[in-house]
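Take a look at the chain below.

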Amino acid sequence: MNEIIEAVNRAAAEAVEKIAAAQDSAALEAVRIAYLGRNGLFPELSKKMGSVPPEERRETGSAFNTGRTKIQDALNEALAKNKSASAGNEALDLTLPGRRSGCGHRHPITQLTDECVEVFGRMGFIAVDGPEIEDIYHNFDALNTPDDHPSRDPKDTFYFPDGRILRSQTSPVQVRVMETHSLPVRIVAPGRVFRRDTPDATHGMNFHQIEGLYIDRNVSMADLKSVLQNFAWEMFGKDVKIRLRPHFFPFTEPSVEYDFSCVVCGGKGCNVCKQSGWIEIAGAGMVDPNVLKNVGIDPEIWSGYAFGLGLERLAMLRYRIPDLRFLYDNDVRFLGQF
């Protein structure tokens, strides 16, 4: 064994001893620099490789590699132990406040739905629910919808192979309540509905409605108007006015469109209301006698009204949202405002 190999082995053994005795990371770094650093002992010894006979160079080179590996392995092990010990000795201050995790909240449409249910609840309406997958009878036939009505077309409504559909309105809930409940009834039906609309700033294929129904003796259009006016005041304040415009719906007669005075300009005219001073909100009317007959109610004795509005449209007005799609993009920067 030549002198260089002996020096390398001796240096490696010394370095391992010093590493074992080191108390902290600074001491370990000092050992590394002294033996493996640019000006350390191993680089100095390697400069003498030129004086080693050719037949011994392989053995000498192997000794250098083995020595460096031993030192580096010892350093890595010691550093790991120091890190583990340091982590275990961290002081724990029990007086510090805990770390609170972020708390989620209800979607703006859910918030608005609950508020509408509460408003109508104060007027005596009870919230009810129904299936989102409906049959043709409850979604169209029982509601006096003609066979050739555009809403029955597969281009407008989602049909399943078995003939059932995704409900296009929450009105089928009204039919089911009239079929199964004793009169009088006073209900609202909030829920999700589906239509084959092209999504844009004001339309979507999946949106939400809340519909109301009141069946009793001697119900009049004046009763309907008073409920709609109270709802407008609850949503937007006492300055909001409403108007009812003649319209047509298969399930109500007479039928009306229900407008708010523009909540942005106060009815003076702006881009939101297209300078008209009014914003269309919902459809309403007196329940058609044919609908009452379809569910076994005598229209000579009982009468009633129904109304329905889109919650996304109401949210856009309430919160000044310019594009309906913002509600469903799941952008926390937007949703966090509510």
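This is a predicted model: local features need pLDDT of at least 70, side-chain atom pairs count only at pLDDT 80 or more; totals for chains, interfaces and linings use all residues.

The protein chain holds 11 helices and nine strands. Its radius of gyration is 40 Å, while the globule rule gives 20 Å for 338 residues, so the chain is more spread out than a compact globule. The C-alpha atoms fill a box of roughly 120 × 50 × 45 Å along the principal axes.

How much of the chain is buried? Of the 338 residues, 41% count as buried. Contacts also reach across the sequence. Among contacts with a separation of 6 or more, 66% join residues 24 or more positions apart. The accessible surface comes to about 19,200 Å². Carbon and sulfur atoms supply 51% of that surface. As for charge, the chain has 39 positive and 46 negative charges, and their mean positions lie 6 Å apart.

Now find helix α7, residues 171-180. Seven of its 10 residues are buried, so the helix is largely enclosed by the rest of the structure. The buried residues include V173, V175, V177 and M178. Which elements cover them? Strands β4 and β5 are among them, and so are helices α6 and α9.

Move to helix α5, residues 108-122. Its 15 residues should span 21 Å at 1.5 Å a residue. The end C-alpha atoms are 21 Å apart, which agrees. Several residues of α5 are buried, including I109, L112, C116 and F120. The buried residues of α5 pack against β4, β5, α8, β9, α10 and α11. Just after the helix comes G124, with a positive phi of about 95°.

Next, look at the peptide bonds. The bond from L183 to P184 is cis, with omega near 0°. P184 sits in the loop between α7 and β4. Another cis bond joins E253 and P254, where omega is about 0°. P254 lies in a strand, β7, residues 252-261.

N218 has a phi of about 60°, and its place is the loop between β5 and α8. Is N218 buried or exposed? Its relative accessible area is 74%, over the 50% cut-off, so N218 is exposed. R320 has a phi of about 55°. This residue is in the loop between α10 and α11. At 48% relative accessibility, R320 counts as partly exposed.

Note on methods
Residues are numbered from 1 along each chain as its sequence is written. Side-chain values use heavy atoms; hydrogens and water are left out. Helices (H or I, at least four residues) and strands (E, at least two) are DSSP runs, numbered from the N terminus. The radius of gyration is taken over C-alpha atoms; the globule rule is 2.2 Å times the number of residues to the power 0.38. Buried means under 20% relative accessible area, exposed over 50%, partly exposed in between (1.4 Å probe, protein chains only). Contact means heavy atoms within 4.5 Å. Accessible areas come from the Shrake-Rupley method with a 1.4 Å probe; for residues, only the protein chains shown count as cover. Lys and Arg count as positive and Asp and Glu as negative; His and the chain ends are not counted. The place of a charge is taken as NZ of Lys, CZ of Arg, CG of Asp or CD of Glu. The expected span of a helix is 1.5 Å times one less than its number of residues.
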